[in-house]
Amino acid sequence: YKAGVDAVGRLIDASLKTTGMTLEKVAESGLGDQLIFRSPGYRVGKPSLLLVGHMDTVFPQGSDFNFYRENGSKVHGPGVIDMKGGLVVVVSAIRALADCGLLKTLPLTFICNSDEEIGSPSSAPLIRAEACKATIGLGFECGGLGGEVVTGRKGKMGYKLTIRGRAGHAAFAGPEKASAILELSHKVIALERLNNPARKIVVNVGVINGGVGPNSIAESATAIIDTRFLEQGDAVETGEMIAQIVADPVVRGTTADLVSTSSRLPMEQSAANRRLFRLIKKESVLLGISCTEELRSGVSDANTMAEAGIPVVDGLGPIGDCDHSDREYMVRDSLPSRSKLAALTILSGWENFCKPGDAGQTTNDR
């Protein structure tokens with residue numbers, strides 16, 4: 001919903017007006033515009049810190065979940081943690097750094113993208129390009145209920161499988177019945193057998209469709225497949241096994257075609273990611289808040305940042321739960337505490353990961 005996402009973008013722009021951040025807008029026609037904010041300390045050709053958050057939610061226009069409600073320690077609303085709350089954390093951290101006069105030397109790039117919930121088809125190249133110029137990447141998806149910060153995420157490959165058979169009247173079907181649905185059924189069972197809990201490899205056939213009626217032999221049938229994996233080698237191996245299943249027909253007279261529909265490389269739990277987490281953990285101790293390490297199964301724009309090979313952590317947004325449902329909520333007190341943690345993380349990250357001589361005097365006035 002472009003109008004709604006663009007309205008969010010205007011609010012963020014207005015909230016950063018007094019900080020000295022400049023805005024570059026990438027216009028989109030069918031999506032909300034992509035926004036790129038840069039601090040006064042940003043210099044072309046010099047290392048920077050990349051902050052990423054998305055403005056879209058999974059809830060469509062006209063959804064019944066269209067209200068904001070406060071209930072004691074919790075606040076409820078569509079996207080409060082996925083991820084309007086994360087955007088508020090970034091804005092609050094940037095404003096605090098601006099108030100301390102630190103943005104004059106801190107080189108920050110803050111991307112607000114409009115299409116994460118549909119796989120970031122338009123913004124992913126932008127995020128990759130900025131990550132290649134960055135020293136570290138920080139993602140602001142929600143934190144876990146125990147204060148978790150994400151140091152690794154599984155990767156994802158999506159596929160569409162199409163089976164072609166031969167149509168006919170079911171009443172006259174013989175032993176040579178080339179039913180696309182029957183062939184798809186064999187393939188679904190074979191695909192589900194690829195699940196490997198020990199290696200945390202997931203293969204899920206989530207949607208199937210086919211046939212025109214109970215008295216007709218199905219001429220075509222389709223399946224939508226989702227796979228998850230910790231390492232890129234697992235993605236390659238799983239993809240090869242899926243391709244072999246597709247290439248090996250069980251029902252004579254049927255054919256199969258497999259196409260890739262989506263792809264995100266894993267954000268592996270690298271030593272550099274964990275080093276960055278240890279800095280965040282140290283800052284959380286100073287603030288007196290909980291902070292633990294998490295490997296998360298879902299994908300995000302942090303996966304895209306990690307493709308550049310830089311240290312990346314995610315889950316720096318506020319704490320909450322039940323996102324993607326009408327029960328979504330944020331823990332109220334986590335918003336200010338995670339904003340403070342974000343500001344300190346930016347300072348500590350630049351101080352410890354920048355190239356020699358690039359840090360200037362950014363962190364002397366904490």
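This is a predicted model: local features need pLDDT of at least 70, side-chain atom pairs count only at pLDDT 80 or more; totals for chains, interfaces and linings use all residues.
The protein has 366 residues, and buried residues make up 49% of them. Its secondary structure consists of eight helices and 18 strands.

Open space comes next. The largest pocket has a volume of about 620 Å³. Its lining comprises 31 residues, and those nearest the centre of the pocket are Glu-116, Arg-264, Gly-298, Val-299 and Ser-300. Helix 3 (124-131), strand 14 (255-264) and strand 17 (320-321) are the elements that give two or more residues to this lining. Strand 14 supplies the largest share, three residues. By residue class, the lining of the largest pocket divides into 13 charged, 12 polar and six nonpolar residues.

The second largest pocket has a volume of about 530 Å³. It is lined by 25 residues, of which Tyr-1, Val-5, Asp-56, Thr-57 and Phe-59 are the closest to its centre. Here helix 1 (residues 2-15) gives the most to the lining, with four residues. The classes in the lining of the second largest pocket are 11 nonpolar, nine polar and five charged.

Of the 13 residues that line the cavity, Val-52, Phe-140, Glu-141, Ser-300 and Asp-301 lie nearest its centre. Strand 3 (48-54) and helix 7 (301-306) are the elements that give two or more residues to the cavity lining. That lining divides into five nonpolar, four polar and four charged residues.

Two residues show the two ends of the accessibility scale. Thr-109 is placed in strand 6 (residues 108-113). Is Thr-109 buried or exposed? Thr-109 counts as buried because its relative accessible area is 0%, and the cut-off for buried is under 20%. Leaving aside residues up to four places away in sequence, Thr-109 touches Ile-36, Phe-37, Arg-38, Tyr-42, Ser-48, Leu-49, Leu-50, Leu-51 and Glu-130. With one of these, Arg-38, the side chain of Thr-109 makes a polar contact of 3.0 Å.

Ala-14 lies in helix 1, the element that gives the most to the lining of the second largest pocket. Ala-14 counts as exposed because its relative accessible area is 51%, and the cut-off for exposed is over 50%. The C-alpha atom of Ala-14 is separated by 60 Å from that of Arg-166, and the two residues are 152 residues apart along the chain.

Conventions
Residues are numbered from 1 along each chain as its sequence is written. Side-chain values use heavy atoms; hydrogens and water are left out. Buried means under 20% relative accessible area, exposed over 50%, partly exposed in between (1.4 Å probe, protein chains only). A polar contact is a pair of N or O atoms within 3.5 Å; within protein, one must be able to donate a hydrogen and the other to accept it, and residues adjacent in sequence count only if both atoms are side-chain atoms. Contact means heavy atoms within 4.5 Å. On a 1 Å grid over the protein atoms alone, a cavity is a set of points where a 1.4 Å probe fits but cannot get out, and a pocket is an open set with protein on both sides within 12 Å along at least five of seven lines; lining residues have an atom within 4 Å of a point. Grid points are joined across faces, edges and corners, and a volume is the space filled by probe spheres set on the points. Ala, Val, Leu, Ile, Met, Phe, Trp, Tyr, Cys and Pro count as nonpolar, Asp, Glu, Lys and Arg as charged, and the others, Gly among them, as polar.
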